[in-house]
Amino acid sequence: MIQKIKALIQKAMDYISSSRGEAVRYVVIGGCTTLIDYASFYLMDRILLIDLTVSNVTSTVLAILFAYVANKFYVFKCRSGCFSDFLIEFLKFIGSRLFTMVVEIGGVHLFVVIIGQKSLIGKAEAIVIVIILNYIFSKFLVFRKKRNEP
């Protein structure tokens with residue numbers, strides 16, 4: 001029985017490590033990124049009583065920095081060949097995340113200020129939209145594999 005459990009765990013780990021497990025890794029890292037974003041927003045908005053927009057922008061920037069490193073090395077397993085490749089990739093990542101940051105900030109403003117939802121609910125809804133957009137940008141624009149890469 002123990003051997004079967006070990007084999008099942010090994011099979012799951014092999015799948016997650018494979019290119020087919022990319023979406024699973026993205027969800028895990030996305031969860032961590034969301035936790036960083038949401039927890040830092042909560043701390044600033046609810047505990048430190050910092051302005052809504054300042055809290056939102058700061059928490060989003062922290063999440064973006066974490067997401068770049070985690071997505072590059074863990075999710076998409078992308079290795080930049082030289083500094084110029086790294087710089088282009090990083091600028092694409094920052095550009096796409098700045099776009100989704102605007103979507104998130106606008107979404108929080110829409111949900112909280114205009115519609116009148118509670119701040120934590122509005123933030124959560126905006127995060128869901130941003131996670132979907134970030135995966136699309138990361139997969140097809142930023143960490144796109146070249147034809148000769150595995």
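Modeller: Buried here means under 20% relative accessible area, exposed over 50% and partly exposed in between (1.4 Å probe, protein chains only). The model is predicted, so local features need pLDDT of at least 70 and side-chain atom pairs pLDDT 80 or more, while totals for chains, interfaces and linings use all residues. Residues are numbered from 1 along each chain as its sequence is written, and side-chain values use heavy atoms, with hydrogens and water left out.

Colleague: Is Thr33 buried or exposed?

Modeller: Thr33 is placed in helix H2, and leaving aside residues up to four places away in sequence, it touches Ala63, Phe66 and Ala67, contact being heavy atoms within 4.5 Å. Its relative accessibility is 12%, and Thr33 therefore counts as buried.

Colleague: What pattern does the protein follow along the sequence?

Modeller: The protein has 5 helices and 0 strands, as DSSP runs (H or I, at least four residues, for helices; E, at least two, for strands). Read from one end of the sequence to the other, the pattern is α-α-α-α-α.

Colleague: How are H2 and H3 oriented to each other?

Modeller: Helix H2, residues 22-47, packs with helix H3, residues 52-75, their axes (lines fitted to C-alpha atoms over the stretch in contact) being 8 Å apart. The angle between them is about 155°, and over 145 degrees counts as roughly antiparallel. H2 and H3 are therefore roughly antiparallel.

Colleague: And how many residues of the contact of H2 with H3 are nonpolar?

Modeller: The crossing of these two helices, H2 and H3, is right-handed. Of the residues in their contact, 4 are charged (Asp, Glu, Lys and Arg) and 8 are polar, while the nonpolar ones number 14.

Colleague: Within what distance do the axes of H3 and H4 come?

Modeller: H4 spans residues 83-114, and H3 passes this helix in a right-handed crossing. The contact is made by residues including Val57, Val61 and Ile64 of H3 and Phe90, Phe93 and Ile94 of H4, and its classes are 15 nonpolar, 3 polar and 4 charged. The axes of H3 and H4 cross at roughly 145° and come within 10 Å.

Colleague: Which helices are included in what covers the buried residues of H5?

Modeller: Helix H5 runs over residues 119-142, and its buried residues include Leu120, Ala126, Ile127, Val130 and Val142. What covers the buried residues of H5 includes H2, H3 and H4.

Colleague: How far apart in space are Cys78 and Val142?

Modeller: Cys78 lies in the loop between H3 and H4, and its relative accessible area of 9% is why it counts as buried. Not counting residues up to four places away in sequence, Cys78 touches Lys72, Phe73, Glu89 and Phe143. Cys78 and Val142 are 64 residues apart in sequence, and their C-alpha to C-alpha separation is 9.8 Å.

Colleague: Is Leu49 buried or exposed?

Modeller: Leu49 sits in the loop between H2 and H3, and its phi is near 55°, a positive value in a residue other than glycine. The relative accessibility of Leu49 is 68%, so this residue counts as exposed.

Conventions:
Axes are lines fitted to C-alpha atoms, for helices over the stretch in contact, and angles run from 0 to 180 degrees between N-to-C directions. Angles under 35 degrees count as roughly parallel, over 145 as roughly antiparallel, 65 to 115 as roughly perpendicular and the rest as oblique. A crossing is left-handed if the near helix is turned anticlockwise from the far one by less than a right angle, and right-handed if clockwise.
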